[in-house]
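Q: I have a structure to read and am new to it. Could we go through its features one at a time?

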Amino acid sequence: MPDVFYNAMVLREPYSGVEVTVHQLACALAEHGTMPLCACVPEGHRPVPAAPHVRLRGISALVSRSRLLRILWEQTVLPLILWRARAPLLHAPAYVAPLLAPCPVVLTIHDLHVMTHPQFCRKRNRLHYNLLIPPSIRKAEAVIAFSPYTKRTILDRFPAAQDRIVVIPPGLSPTLVRCTDFARLQAVRQRYSLPSSFLLFVGDLTSRKNILGLISAFAIVQGERPDLHLVLAGAADSATTAAIDLAIRKNGVRHRISLTGYIQADDLAVLYSLAQAFVFPSHDEGFGLPPLEAMACGCPVVCSGGAVVENCGDAAVNCDPRDRASIASAVSLLLDHPDFRKEKIEAGYKKAAEFSWEKAARATEEVYRSVLNRKRGGRPQP
């Protein structure tokens, strides 16, 4: 059987958000999958773990450095590669498929923020995805959504896709477990200059994540807790950094908030383990991995935002992202009530255990097989 192709050209290190799931699914397919797979990756990309049935295709560095060239490559060169390889199927795991693909396509839609929350999206993303997501969904033989929430969002706008959508939640890295190694805890605390007591946010520092609302809510919470700090772990562009600096000054918490920048993947579990609570008051999420990552490490969670509330269920404390008092109240519940905090931590461990990349990889391969069976007249796959 020819290789199934997996388009991982979206990958740019350091990974965050969609890139994390695209990379980790490729790793999971390499480790747990059984079908021959060819992953298209930018040249110099961190390799997917070696496995007998996995091959990697390298692409020129020029393409990997330019988003525009990457898009053009996906829409023109990739279809030609698929045709020459007689590829039986392509998985496009990041919103958009090559419209001229000569084989069946499986498409993953992480969210539809460019349509539901365009005010939070960059102009270039709105242009790119509004132009190419609709025809990509129409072309796809199967559409994977990470959550029931995202499935409903897709069907609200593309009801004709009803019979082609399947929900497959992503997994959590097996490295995300509570750290109790004192030396490692202290090393990470020193590496990022972390305070002794802090609330934590992990993710891109964008307006959709409601960072300014979080800062405003923190100003309420820390008023009665002189030793409490807020750590914002993630990347931000210059405009967002300026807005954050202004909010910090406005709320009088200049010496209480730390911005660490990007956190190395190996340090994430330690960071979660050190925090008093993880606060994620996002306006909207198609899935939202960080709250579940925090739960896996024994850090209690306050959250909001679309699919996050569904995913975390009763294991988290929910808040209204539009109301700073609601965010502050949810955080205070965890800080002021030890029994309640312990209950949420235990529930968080159980909830996080429901999500694994092995399950995601096996379910994804079942989608591949289903599509191939339909295209081959229902004959069973070897």
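**Reading the features in turn**

A: The model is a predicted one. Start with a loop residue: Tyr95 lies in the loop between E4 and E5.

Q: Is Tyr95 buried or exposed?
A: Tyr95 has 8% relative accessibility and therefore counts as buried, the cut-off being under 20%. The backbone of Tyr95 has a positive phi of about 80°, although Tyr95 is not a glycine.

Q: What does Ser136 touch, leaving out residues up to four places away in sequence?
A: Tyr95 is one of its contacts, and the others are Val96, Ala97, Leu99 and Leu107. Ser136 belongs to helix H5 (residues 123-139). Ser136 counts as buried because its relative accessibility is 0%.

Q: Where is Arg138, and is it buried or exposed?
A: Arg138 is in helix H5 as well. Arg138 counts as exposed because its relative accessibility is 58%. For distance in space, take Arg138 and Ile211: their C-alpha atoms are 35 Å apart, and 73 residues separate them in sequence.

Q: How should I read a sheet?
A: Strands of a sheet pair through backbone hydrogen bonds, either parallel or antiparallel. Here, six strands make an open sheet with parallel pairing, in the order E10-E9-E8-E11-E12-E13. At its edges stand strand E10 (257-259) and strand E13 (317-318); each has a single partner strand, so one side of each has no neighbour in the sheet.

Q: How many bridges pair E9 with E10?
A: Strand E9 (residues 229-233) pairs with E10 over three bridges, in the parallel sense. In one of these pairs of residues, Leu230 has Ile257 of E10 as its bridge partner.

Q: Which strand is joined to E1, and in what sense do the two run?
A: E1 is joined to strand E2 (residues 37-42) by four bridges, and the two run parallel.

Q: How is the packing of two helices described?
A: Two packed helices are described by the angle between their axes and the distance between the axes. Helix H1 (residues 18-32) packs with H15 at an angle of about 80°, and their axes are 9 Å apart. That angle makes H1 roughly perpendicular to H15.

Q: Which residues make the contact between H1 and H15?
A: H1 contributes Thr21, Gln24, Leu25, Ala28, Leu29 and His32, and H15 contributes Trp357, Glu358, Ala360, Ala361, Arg362, Thr364, Glu365 and Tyr368. Sorted by class, the contact of H1 with H15 has seven nonpolar, four polar and three charged residues.

Q: How far does H15 reach from its first C-alpha to its last?
A: H15 reaches 27 Å with 19 residues, close to the 27 Å expected at 1.5 Å a residue.

Q: How can I read the sides of a helix?
A: An α-helix has 3.6 residues a turn, so residues three or four places apart point the same way. The buried residues of H15 are Trp357, Ala360, Ala361, Thr364, Glu365, Val367, Tyr368, Arg369, Val371 and Leu372. Their cover includes strand E1 (4-7), H1, strand E4 (90-92), strand E5 (105-109), strand E6 (142-145) and strand E7 (165-167).

Q: What does Ala363 count as?
A: Ala363 is in helix H15 (residues 357-375). With a relative accessibility of 28%, Ala363 counts as partly exposed. The C-alpha atoms of Ala363 and Arg67 are separated by 30 Å, and the two residues are 296 residues apart along the chain.

Technical notes
Residues numbered from 1 in each chain as written. Predicted model: local features only at pLDDT ≥ 70, side-chain atom pairs only at ≥ 80, totals over all residues. Heavy atoms only, no water. Buried < 20%, exposed > 50% of the residue type's maximum accessible area, 1.4 Å probe, protein only. Pairing = 2+ DSSP bridges. Axes fitted to C-alpha atoms, helices over the stretch in contact; angles between N-to-C directions. Parallel < 35°, antiparallel > 145°, perpendicular 65-115°, else oblique. Contact = heavy atoms within 4.5 Å. Nonpolar A, V, L, I, M, F, W, Y, C, P; charged D, E, K, R; others polar. Expected span 1.5 Å × (residues − 1).
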